[in-house]
Amino acid sequence: MSLHHSGSPASPGLPILRVAVLGAGTVGTEVLRLISQQGSELAHRIGGRLEVTGVAVRELGRDRGEHVPAHLLTDDAERLVREADLVIEVMGGIEPARSLLLDAMAHGASVVTANKALLAQDGASLYEAADAHGVDLYFEAAVAGAIPLVRPVRESLAGDRIQRVLGIVNGTTNYILDAMTRSGASFDDALATAQELGYAEADPTADVEGHDAAAKASILASLAFHSRVRLADVHCEGITAVTAQDIAAAARMGRTIKLLSIVERIEEEGGERISARVYPALIPDEHPLASVAEAYNAVFIEADAAGSLMFYGQGAGVHRPPPRSSATWSPPRALACTGEWGPANPATQSSSRSRSTSCAAPSTSR
Ligand SMILES: NC(=O)c1ccc[n+]([C@@H]2O[C@H](COP(=O)([O-])OP(=O)(O)OC[C@H]3O[C@@H](n4cnc5c(N)ncnc54)[C@H](OP(=O)(O)O)[C@@H]3O)[C@@H](O)[C@H]2O)c1
């Protein structure tokens, strides 16, 4: 049960990389499209031919379009992950995603996940499993939409000391607040427009109540400060109480209201603690984050040596899967930087595999 995507015939001699995809929804379908259409290029960059060995879903009978062939669908995700070199988890939720990823790593597979809820709730056990089993855990798409943030923070700023991260990491709420700012619309009207245009889900609770931004704040804190910040530790306030009058009053003070995820070091007597919070913040109009419009995301980092840095790019928008999936797909791009890619499970493949320690999951200790 496998599919050699378009890259395989053009990539003779390269080792086979068996890829298990968990989920074929919005993101999974796009990931499969990318593998199918860009398989050859990816194979050369990664140094391995991508072979999708199966796609785990709940409903086997549903037609999922040309990039999700019916013969690859399976409801036996447990078996699928045990026979893979790379597992791409885009099913969402806590279980069975968590157990499947742990099982995959225990069997020697590197994993890619876009699952911010899982990372926020129990990222520590995933990071520890990756360390324990000597495999890689990638989660670029779980933090800030299409913005490649994880590797710059983890690698480029590795020798620096990050003091604070301010993020507009939820495109839906940024779209709504931006629409309210530009047009004077009420929250309800701006939300309705966002839903019509596909920027907000039919049930927008996770976005407008700040839960999505809080999950990302927890991941950002872990990344920036090598600390364990659980979702429950993040103070969370959404945008449902923001009125057109609030926005007008802020404008008169030269301020713009943005939903910010803020994680920072707080020096106190006897040591240091990490603060993580999400709330609608008043930003001075001249601050770069104030001009982040529509559904764009931006992350502003303050570090001792580098000073202020801003990363900017497309964020959420349920009608726009390609940017997200590009970020989801960045881990195999990262694998390309490691040089040779061989199978993760030496019991089933003969060629060797080199692992990039610089691409490893963040340390869980402080
Ligand atoms: N959508 C986005 O904009 C976006 C952006 C960034 C990150 N993410 C993250 O990416 C992940 C996937 O999001 P999505 O929007 O693609 O979700 P989705 O459209 O709901 O798709 C989920 C897929 O996973 C499958 N699935 C769910 N539970 C399963 C189980 N127990 N066993 C087997 N298959 C199961 C579903 O199967 P059926 O089709 O048979 O139901 C479906 O194919 C989530 O963690 C989400 O937070 C999403």
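This briefing covers a sheet, its helices, a ligand shell and some backbone details.

The model is predicted; local features need pLDDT of at least 70, side-chain atom pairs count only at pLDDT 80 or more, and totals for chains, interfaces and linings use all residues. Residue numbers start from 1 along each chain as its sequence is written. Helices (H or I, at least four residues) and strands (E, at least two) are DSSP runs, numbered from the N terminus.

**The sheet**

- Six strands form an open sheet in the order β9-β11-β10-β8-β12-β13, with mixed pairing. Two strands pair if DSSP finds at least two bridges between them.
- The edges are β9 (235-236) and β13 (307-314), each of which pairs on one side only.
- β9 and β11 are parallel and share two bridges. Here H235 stands opposite R277 of β11.
- β10 and β11 are antiparallel, with 14 bridges. I266 faces R273 in β11.
- β10 and β11 form a hairpin with two residues between them. In the turn, G270 has a positive phi of about 90 degrees.
- Strand β12 (residues 296-303) runs antiparallel to β13, and eight bridges join them. V299 has F311 of β13 as its bridge partner.

**Helices on the sheet**

- Helix α9 (residues 211-225) packs on the sheet and touches β8 (162-168), β9, β10 (255-268) and β11 (271-284). Contact requires C-beta atoms, placed from the backbone, within 7 Å.
- The direction of α9 makes about 35 degrees with that of β10. Axes are lines fitted to C-alpha atoms, for helices over the stretch in contact, and angles run from 0 to 180 degrees between N-to-C directions.
- Helix α10 (residues 244-252) lies across β10 and β11, at about 75 degrees to β10.

**The α3–α4 pair**

- The axes of α3 (residues 97-106) and α4 (residues 116-133) come within 9 Å and cross at roughly 10 degrees. The two helices therefore count as roughly parallel (angles under 35 degrees; over 145 is roughly antiparallel, 65 to 115 roughly perpendicular and the rest oblique).
- α3 contributes A97, R98, L101, L102, M105 and A106 to the contact, and α4 contributes L118, D122, L126, A129, A130 and H133.
- By class, the contact has nine nonpolar, one polar and two charged residues. Ala, Val, Leu, Ile, Met, Phe, Trp, Tyr, Cys and Pro count as nonpolar, Asp, Glu, Lys and Arg as charged, and the others, Gly among them, as polar.

**Ligand shell**

- The ligand is surrounded by 23 residues, the closest being G23, G25, R58, M91 and G92. A residue is near a molecule if its C-beta atom, placed from the backbone, lies within 6 Å of it.
- Helix α1 (residues 26-46) supplies the largest share of the shell, three residues.
- The shell has 12 nonpolar, seven polar and four charged residues.

**Loops and backbone**

- Y199 sits in the loop between α7 (187-196) and α8 (205-208). Y199 is buried because 27 C-beta neighbours lie inside 10 Å (buried means 20 or more, exposed 12 or fewer, partly exposed in between, with C-beta atoms placed from the backbone).
- Most residues other than glycine have a negative phi, and most peptide bonds are trans.
- The peptide bond from E95 to P96 is cis, with omega near 10 degrees. P96 is in the loop between β5 (86-89) and α3.
- H226 has a positive phi near 50 degrees. H226 lies between α9 and β9 in a loop, and is partly exposed with 16 C-beta neighbours inside 10 Å.
- E294 has a positive phi near 50 degrees. The loop between β11 and β12 holds E294.

Note on methods: Contact = placed C-beta atoms within 7 Å.
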